[in-house]
Amino acid sequence: MALLNPENPFVATGMALGHWSRLLKMLGPSYYPDSLGKRGRPPIPLKRMLRMYFVRQWHALSDEALEDAIYDSQALRNFVGVDLAVESVPDATTLLKFRHMLEKQSLTQLIFEQINAHLAEKGMLMREGSIVDATIIAAPPSTKNRAKARDPEMHQAEKGNQWHFGMKAHIGVDADSGLVHSLTGTAANVADITESGNLLQGDETDVFGDAGYTGVAKRASFKESTVVWHVAEKRGKLKKMEAGRRKDLVVQRERVKAQIRSKVEHPFHVIKNLFRHRKVRYRGLLKNTAQLFTMFGLANLVLARRLKRPQCA
């Protein structure tokens, strides 16, 4: 299990998160609502359930596969905090119920916010500029299932002359650090520009976006805003320009924009390549968006360790 090397950012950030008393205190009232003063078997510690839940995201495991992996791996048992000599591993049903609790009470968004609050205290989240973008996460297009139909909350969209079926993750990223500060989940056919107002922190001076956000400054929600939008020019428009000094200056300006916007690709890389989250795992937008809040929060911890600023762990 290479990810369990103590020097690996997955484990190191997970251990740092596990010691955040503030996060445990925020989740505690929802996890232990009626246990005080009652007899019977005590609930599984919240810290253990959180670590299991995070391992599940890092390794792209199902509930059953995670239970088996913990039984098979001493490193995982040490990380989660299970001693088989005195106790058993929490079963898949227990983890399923824990995940449902997080989803129903929007607690994954709270996890995301608490991680960002921690990073902000470390000076890693600025508020002067943002980058907005979206990525498509595929959903099963097959109708060979019990309902004989596709997920009604997922839709298809065209990108790069290809059609994709699934959902979109829209994110707002800090232009300085590249850390995700806002997130929304929609069907894949929702235009990027429609979610732009939900991706800003509120006090930015500059926002960067690709050509999909063309015309965003003219929308009613931004008419009185002081935010300066830096949107990429469409390739077709650049190709039609006559060669000369003016075109060279425009191309140079677009190159600078692209260099700044490139930071928004880093969280997508962590989610899709390191966490291997390229397809939705559940039906419906609610469950999948709830999972994305956790995954982008954990991705922020991975990215934060790569910054040259003071480490978060």
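Me: Is L110 buried or exposed?
Reply: L110 is buried, because its relative accessible area is 15%. Buried means under 20%, exposed over 50% and partly exposed in between, with a 1.4 Å probe and protein chains only.

Me: Before we go on, what should I know about the model?
Reply: This is a predicted model, where local features need pLDDT of at least 70, side-chain atom pairs count only at pLDDT 80 or more, and totals for chains, interfaces and linings use all residues. Residues are numbered from 1 along each chain as its sequence is written, and side-chain values use heavy atoms, with hydrogens and water left out.

Me: Thanks! Where does L110 lie, and what is it in contact with?
Reply: L110 lies in helix α7, residues 107–121. Helices are DSSP runs of H or I with at least four residues, strands are runs of E with at least two, and both are numbered from the N terminus. Setting aside neighbours within four places in sequence, L110 is in contact (heavy atoms within 4.5 Å) with M26 and L27.

Me: How far apart are L110 and M26?
Reply: They are 84 residues apart in sequence and 8.2 Å apart in space, C-alpha to C-alpha.

Me: New topic: how do β2 and β3 pair?
Reply: β2 (residues 155–159) and β3 (residues 162–174) pair in the antiparallel sense over five bridges; pairing takes at least two bridges found by DSSP. H155 stands opposite G166 in β3.

Me: And what about the turn?
Reply: The two strands form a hairpin with two residues between them, and G160 in the turn has a positive phi of about 60°.
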